[in-house]
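Subject: Handing over a structure, with notes

Dear colleague,

I am passing this structure on to you, and I would be grateful if you could read the notes below alongside it.

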Amino acid sequence: MIKLDPNLCKGCSICTEFCPKGVYEDSKTPDKKGVYVPIPKNQEKCTKCNLCALMCPDQAIKVDENDE
Amino acid sequence: MEEANESPFMKYMRKDRLPHIFCAGCGNGIVLNTFFKGMEMAEVDFDNVVMVSGIGCSSRIPGYVKCDSLHTTHGRPISFASGLKLGNPELDVVVFSGDGDAAAIGGNHLIHGARRNMDLTVICINNSIYGMTGGQISPTSPQGSYGTTAPYGAFERPFDLAELVSAAGASYVARWTTAHALQLSNSIKKALENKGFSFVEVISQCPTYYGRKNKMRSPLDMMRWMKENSINKRKADTMDSEELAGKLVVGEFVNKAEREFSQELYDLVEEKYGKKSDAIKSAYRDD
């Protein structure tokens with residue numbers, strides 16, 4: 001499970017660009033702050049490499065090690 | 001306490017101060033994460049870490065971290081850190097500095113810290129521009145790049161910070177970009193483990209000023225540019241300067257064991273006075 005904190009995300013899309021498996025997708029609609037928070041859409045492709053959590057400049061991403 | 005929905009690095013941060021003031025896509029946040037990862041890999045005690053910073057965007061980083069920190073005058077973090085290290089040589093002193101801080105106003109402190117081989121870990125976040133004050137050209141801006149003080153492009157030659165610090169005698173020097181997060185955290189690990197002056201230069205993106213002035217408006221454009229234009233040191237050694245024009249040479253520049261200043265000084269004190277210096281603990285001696 002990937003958890004994205006919408007209060008911290010500033011919508012820079014670094015996770016969308018750098019995820020090696022293409023898990024994230026850019027949002028089409030802005031949230032109430034006007035930030036396009038990415039959606040972790042293809043979670044079944046995630047290999048839990050944690051690169052997104054390492055590269056998120058706003059510490060908004062948590063990748064859960066154990067699935068559900 | 002690590003909570004279920006939080007980033008693995010949140011346990012080191014002052015949550016009440018988040019979200020931080022850095023622009024969307026700023027490289028400072030990535031450097032902060034890679035520092036925590038490197039610190040975990042080097043198995044450094046977080047309570048023993050002291051962060052020292054000067055003035056600038058990157059120097060705001062220690063304000064978000066739950067450890068002892070000093071926010072000092074412009075360009076002087078290495079001087080303050082040297083004092084801190086000599087006062088208590090058991091501390092792990094880490095200096096966060098920007099390019100304007102370390103290379104322009106604090107250039108002399110940087111090279112003399114390296115010359116003395118003080119046991120400091122200096123992380124220089126080089127975004128090639130003065131981001132906090134409105135996009136002025138800095139000593140590390142590449143030739144031909146634009147800024148508010150260079151509307152026709154910078155014609156000065158930039159500093160190669162990693163080479164400068166290597167020449168000044170540092171015992172560990174590496175350079176990476178924010179697009180190389182894993183390599184960067186490995187280098188930070190080695191820098192923390194190294195006894196001596198360790199300098200890690202991180203080429204970072206400033207989408208707000210550098211990117212906007214140089215036709216790379218989004219942080220992704222800047223990170224793609226860094227990724228495509230970086231060449232590893234081993235490969236760059238075989239290339240001539242014409243081929244390397246406009247490229248970023250990344251990798252490990254120096255990694256050697258050398259005499260360390262604070263150890264040397266304390267040994268001298270012991271030799272001359274016959275007892276170990278314990279200046280820091282003298283106030284607590286009777287407790």
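Which residue just after α1(B) takes a positive phi? That residue is Glu43(B), with a phi of about 55°. Before going further, please bear in mind that this is a predicted model, in which local features need pLDDT of at least 70 and side-chain atom pairs count only at pLDDT 80 or more, whereas totals for chains, interfaces and linings use all residues. Residues are numbered from 1 along each chain as its sequence is written, while chains are lettered from A and ligands numbered from 1 in the order in which they are written. Helices (H or I, at least four residues) and strands (E, at least two) are DSSP runs, numbered from the N terminus.

Of the 15 residues of α1(B), 13 are buried, so the helix is largely enclosed by the rest of the structure. Here a residue is buried if 20 or more other C-beta atoms lie within 10 Å of its own, exposed if 12 or fewer, and partly exposed in between, with C-beta atoms placed from the backbone. In the segment before α1 of chain B lies Pro19(B), and the peptide bond that joins Leu18(B) and Pro19(B) is cis, with an omega of about -5°.

The contact between the chains takes 24 residues from chain B and 20 residues from chain A, two residues being in contact if their C-beta atoms, placed from the backbone, lie within 7 Å. On the side of chain B that touches chain A, α1 (27–41) and α8 (219–229) each supply at least two residues, and the largest share, seven residues, comes from α1(B). By class, that side of chain B divides into 14 nonpolar, eight polar and two charged residues; Ala, Val, Leu, Ile, Met, Phe, Trp, Tyr, Cys and Pro count as nonpolar, Asp, Glu, Lys and Arg as charged, and the others, Gly among them, as polar.

The axes of helix α2 (residues 77–87) and α4(B) come within 8 Å and cross at roughly 35°, the axes being lines fitted to C-alpha atoms, for helices over the stretch in contact, and the angles running from 0 to 180 degrees between N-to-C directions. In this contact Ile78(B), Ser79(B) and Ser82(B) of α2(B) meet His109(B), Leu110(B) and Gly113(B) of α4(B), which gives two nonpolar, four polar and no charged residues.

With helix α5 (residues 161–168) of chain B, α4(B) packs at an angle of about 45°, the axes being 8 Å apart. That makes α4(B) oblique to α5(B), since angles under 35 degrees count as roughly parallel, over 145 as roughly antiparallel, 65 to 115 as roughly perpendicular and the rest as oblique. Leu110(B), Ile111(B), Ala114(B) and Arg115(B) in α4(B) meet Leu164(B), Val165(B) and Ala168(B) in α5(B), and these residues divide into six nonpolar, no polar and one charged.

Further along chain B, Ser230(B) is placed in strand β9 (residues 230–232) and is partly exposed, with 19 other C-beta atoms within 10 Å. Leaving aside residues up to four places away in sequence, Ser230(B) touches Thr177(B), Leu248(B) and Val250(B). Helix α10 (residues 261–273) of chain B has 13 residues and is followed by Gly274(B), whose phi is positive, near 75°. Leu265(B) lies in α10 of chain B and is partly exposed, with 14 other C-beta atoms within 10 Å.

Finally, two residues of chain A deserve a look at their backbone angles. Most residues other than glycine have a negative phi, and most peptide bonds are trans. Asn50(A), in the loop between β3 (39–40) and α2 (51–55) of chain A, has a positive phi near 65° and counts as partly exposed, with 16 C-beta neighbours inside 10 Å. Gln59(A), in the loop between α2 and β4 (61–63) of chain A, has a positive phi of about 50°, and is buried, with 26 other C-beta atoms within 10 Å.

With best wishes

Key: Expected span 1.5 Å × (residues − 1).
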